[in-house]
Amino acid sequence: MTAMSDLTRTTVVTRINESLGHVLQRELEPADESPRLFDDLGLDSTSVLELLMRLEDELGIEFDTDSLEQHHFDSVGTLADYVIEQA
């Protein structure tokens, strides 16, 4: 688990890609913000939930699901923006 003060953008992007790798069972580039979650990586609603739960555990934060919107899942970068905002 990462301390809140240690949540740099690089850390968040790396953790998202590690978590995506686990959910999708494949390796992703750690610092790549460009992959589109649905179009490029093939995420679906079930894998999004798994990803969010894993990120909550990994980063020690709880997401406000009422504030989640589709555009937060456009890409790794937009999800990183949301995670940082929630932290």
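Which helix does D57 lie in? I looked it up, and D57 lies in helix 2. The model I am reading is a predicted one.

**Entry 1: the whole chain**

I counted the elements next. The protein chain has three helices and zero strands. Along the sequence, the pattern reads α-α-α. I then checked the radius of gyration, which is 12 Å. The globule rule gives 12 Å for 87 residues, so the chain is as compact as a globular protein of that length. The C-alpha atoms fill a box of roughly 30 × 30 × 20 Å along the principal axes. Of the 87 residues, 39% count as buried.

**Entry 2: helix 1**

I turned to helix 1, which runs over 9–24. Helix 1 has 16 residues and reaches 22 Å from its first C-alpha to its last. That is close to the 22 Å expected at 1.5 Å a residue. I listed its buried residues: V12, V13, R15, I16, N17, S19, L20, G21 and V23. What covers these residues includes helix 2 and helix 3. Just after helix 1, I noted Q25, with a positive phi of about 60°.

**Entry 3: S19**

Is S19 buried or exposed? Its relative accessibility is 1%, and the cut-off for buried is under 20%, so S19 counts as buried. S19 is found in helix 1. I set aside residues up to four places away in sequence and looked for its contacts. S19 touches L51, R54, L55 and E58.

**Entry 4: helix 2**

Helix 2 covers 45–59. I checked its length. Its 15 residues should span 21 Å at 1.5 Å a residue, and its end C-alpha atoms are 21 Å apart, which agrees. At the start of helix 2, I found a side-chain oxygen of D44 within 3.2 Å of the backbone nitrogen of T46. After the helix comes G60, whose phi is positive, near 65°.

Which residues of helix 2 are buried? I found S47, V48, L51, L52, L55 and L59. Seen down the helix axis, the buried residues fall within an arc of 140°, so they line one face of helix 2. I recalled a general point here. An α-helix has 3.6 residues a turn, so residues three or four places apart point the same way. The buried residues of helix 2 pack against helix 1 and helix 3. On the other side, T46, L49, M53 and D57 are exposed.

**Entry 5: back to D57**

I returned to my opening residue. D57 has a relative accessible area of 61%, and exposed means over 50%, so D57 counts as exposed. I also took a distance from D57 to I84. The two are 27 residues apart along the chain, and their C-alpha atoms are separated by 15 Å.

**Entry 6: the core**

How many residues does the largest nonpolar core have? I read off 24. Those with the most contacts inside this core are I16, L20, L37, L79 and V83. The elements that give two or more residues to the core are helix 1, helix 2 and helix 3 (76–86).

I16 touches L51, L55, V76, L79, A80 and V83. L51 and L55 are among the buried residues of helix 2. L51 and L55 are also among the residues that S19 touches.

Definitions and conventions. Residues numbered from 1 in each chain as written. Predicted model: local features only at pLDDT ≥ 70, side-chain atom pairs only at ≥ 80, totals over all residues. Heavy atoms only, no water. Core = buried A, V, L, I, M, F, W, Y, C linked by side-chain atoms within 4.5 Å. Buried < 20%, exposed > 50% of the residue type's maximum accessible area, 1.4 Å probe, protein only. Helix = DSSP H or I, 4+ residues; strand = E, 2+ residues; numbered from the N terminus. Contact = heavy atoms within 4.5 Å. Expected span 1.5 Å × (residues − 1). Arc of directions from axis to C-beta. Polar contact = N/O pair within 3.5 Å; in protein donor to acceptor, adjacent residues only side chain to side chain. Rg over C-alpha atoms; globule rule 2.2 N^0.38 Å.
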